[in-house]
Amino acid sequence: MTVNASIDRPTNWEDALVALARRSDDLIVMTAENRGAIRGIPARLGPRFIDVGICEQTLIGMAAGLALRGRVPVVHALATFLTLRAFEFIRTDVGIAGLPVILVGAVPGFLSDANGPTHQSLEDISLMRGIPGMQVVCPADREELLDLLPELVARRAPAYIRYNACEPAVTHVARWRLGEAEVLAEGRDVTLLTYGFLLGHVAGAQAMLTTHGVSAGLINLRSLAPVDERAILHAARTSRTLVVVEDHFAIGGLGTIVAEVLARHGVATRLRVLALEGRWFRPALLPDVLEYEGFTAERITARVEAWS
Amino acid sequence: MSALTDDDRAALTAMALAVRAHVIRMATRGGCFIGASLSCADVLTHLYARVLSVAPDRVADPDRDYLFLSKGHDVPALYAVLAEQGFFPRARLRNHLTLADHLYWHPNRNVPGVEFHSGSLGHLLSVAMGVAEDLRLRGSPGRAFVILGDGELNEGSIWEALLVASARRLDNLVVVVDRNGFQANVETEALIPLEPLGPRFEAFGCAVTRIDGHDFDALEGAFSAIAPGAGRPTVVIADTVRGKGLPSIERRADRWFVNFAADEVEALLRELHDGEVATLRSEILIVR
């Protein structure tokens, strides 16, 4: 977890935003009254912080206007309300114009734990990657989250961050770069492909499978648009089965992305997708959700072994 | 408050007439949303000729005034005004709806002078607010104007944005409502009544004036009275007539979108100039 550590590296999201804002006058931090990750920002950024209240459409429209004037707004809201309530504003005002608005969706997937289906963002990747030019990134932990921000801000193009500031999930072996997967292990029998907060649990499953004598690989697909096609194709050619594990609906997420890549390149292999199949998950505290829905390391291991 | 001279008034009248003639020609070979284009022709003429600090050689000036056409359907009037003001050659208007150009039924930034695309209602008020925020942050004298349709006021995003504009005291934001009384198919008051409209905007924290949107003296009075530093967004409700200038289509719900036959144009231009009402055979199209 010390791939690119340095003494002045920010250690939390807020510090990362402030550090970038000091280097670039263009950075503006915005929210639709979701301040969980940016509580200190109003005092630290002054007029370059804008809270529009619970108005997600206005949030995106204003961000587009600010971007039209050369700013790079980093906008915060819960992933569901951001990508669903404001979807048409994102698609029409940010997407059509290709404006540099960085969308930060909080508590995506299982991270909404006990909130219930209204808060379960399980189609955000599907929706965001459907917008031409939208970059979609899903950090596995705080370390990746902080690493990806400067590159996204510098690229001056629309982006969606599936926000996740969890403790480091694994010991990372590859520096963050947009469009590049992190290959954590190669395996002949099966390769597990995942992203975001589930990486730690999937890494646990990979370790268990290995001790059970299964040759199991593990790839962290942290950038979903653009996606690392070479890493997917390499895994498909060197591993008998691909297993995608994701806290997203089975339609439109990584499972779909992998299927598209394989079909586009004419590569036939067995693909299994461990995701939410046509339903929302049972709301509870996170450890219970993972157990009930079958996404703990043990449950993932058992499901992979049952397929083999 | 400034006042128009006779020469000013004559120049504005002549320009608005030229704009309407362009709109009529754009209502053939595929047609256009003529009702809204004609209702806001005087407002757009007045804004570009007298109010907005913007010009063909200043389209990238960061301190210019911005105008956003939120309802979008009235873009033939904007194309015509921009051509008359020299943002691009008038001959380019003949490219309307062709692959040779980008002059289609809704605004887009490929057309010189057009600040942003629209077409989906209820978007550009908040986009204009983002621009107004940035103008203020950078200490620019520039202002953000946005033209809303009255039918567009059905959209919740308008009222949500007004709450925010008022909370943030965006006094460099000017909202102009083209109050022509109609939405796509019906009169606004027969579907979702908007009146009393002025008090509604006032209740949302705006400074409101209501004027005859075809009277250049009234437009001059309303726009020159906007004072910087008032701490509130300004709303100008311009009462207008759908299809204004062509009595044969004025205030007609079925003349929202019209595709005139090529041989009708001469009679329509005569009607525009002489007030002699043309007899129209064109097919009536409601495509919303």
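In strand β4 of chain A (residues 102-106), V104(A) is the bridge partner of H76(A). This is a predicted model, in which local features need pLDDT of at least 70 and side-chain atom pairs count only at pLDDT 80 or more, while totals for chains, interfaces and linings use all residues. Residues are numbered from 1 along each chain as its sequence is written, with chains lettered from A and ligands numbered from 1 in the order in which they are written.

Strand β3 of chain A (residues 72-78) is joined to β4(A) by 5 bridges, and the two run parallel. Strand β1 of chain A (residues 27-31) also pairs with β3(A) in the parallel sense, over 5 bridges; here V29(A) stands opposite V74(A). Pairing requires at least two DSSP bridges between two strands. Helices (H or I, at least four residues) and strands (E, at least two) are DSSP runs, numbered from the N terminus.

How many residues of β3(A) are buried? The count is 7 of the 7, so β3(A) is largely enclosed by the rest of the structure. (Buried: 20 or more other C-beta atoms within 10 Å of the residue's own; exposed: 12 or fewer; partly exposed: in between; C-beta atoms are placed from the backbone.)

## Where the chains meet

Turning to the interface, 22 residues of chain A are in contact with 17 residues of chain B (contact: C-beta atoms, placed from the backbone, within 7 Å). Helix α3(A) gives the largest share of chain A's side, 9 residues. That side divides into 12 nonpolar, 6 polar and 4 charged residues. Ala, Val, Leu, Ile, Met, Phe, Trp, Tyr, Cys and Pro count as nonpolar, Asp, Glu, Lys and Arg as charged, and the others, Gly among them, as polar.

## Helix α6 of chain B and its neighbours

The axes of α3(A) and α6(B) (residues 156-167) come within 9 Å and cross at roughly 70 degrees, which makes α3(A) roughly perpendicular to α6(B). Q57(A), T58(A) and G61(A) meet S157(B), E160(B), A161(B) and V164(B) there.

Within chain B, the axes of α5(B) (residues 124-137) and α6(B) come within 9 Å and cross at roughly 25 degrees, making α5(B) roughly parallel to α6(B). Their contact has 6 nonpolar, 2 polar and no charged residues.

Axes are lines fitted to C-alpha atoms, for helices over the stretch in contact, with angles from 0 to 180 degrees between N-to-C directions. Angles under 35 degrees count as roughly parallel, over 145 as roughly antiparallel, 65 to 115 as roughly perpendicular and the rest as oblique.

Notes
Two residues are in contact if their C-beta atoms, placed from the backbone, lie within 7 Å.
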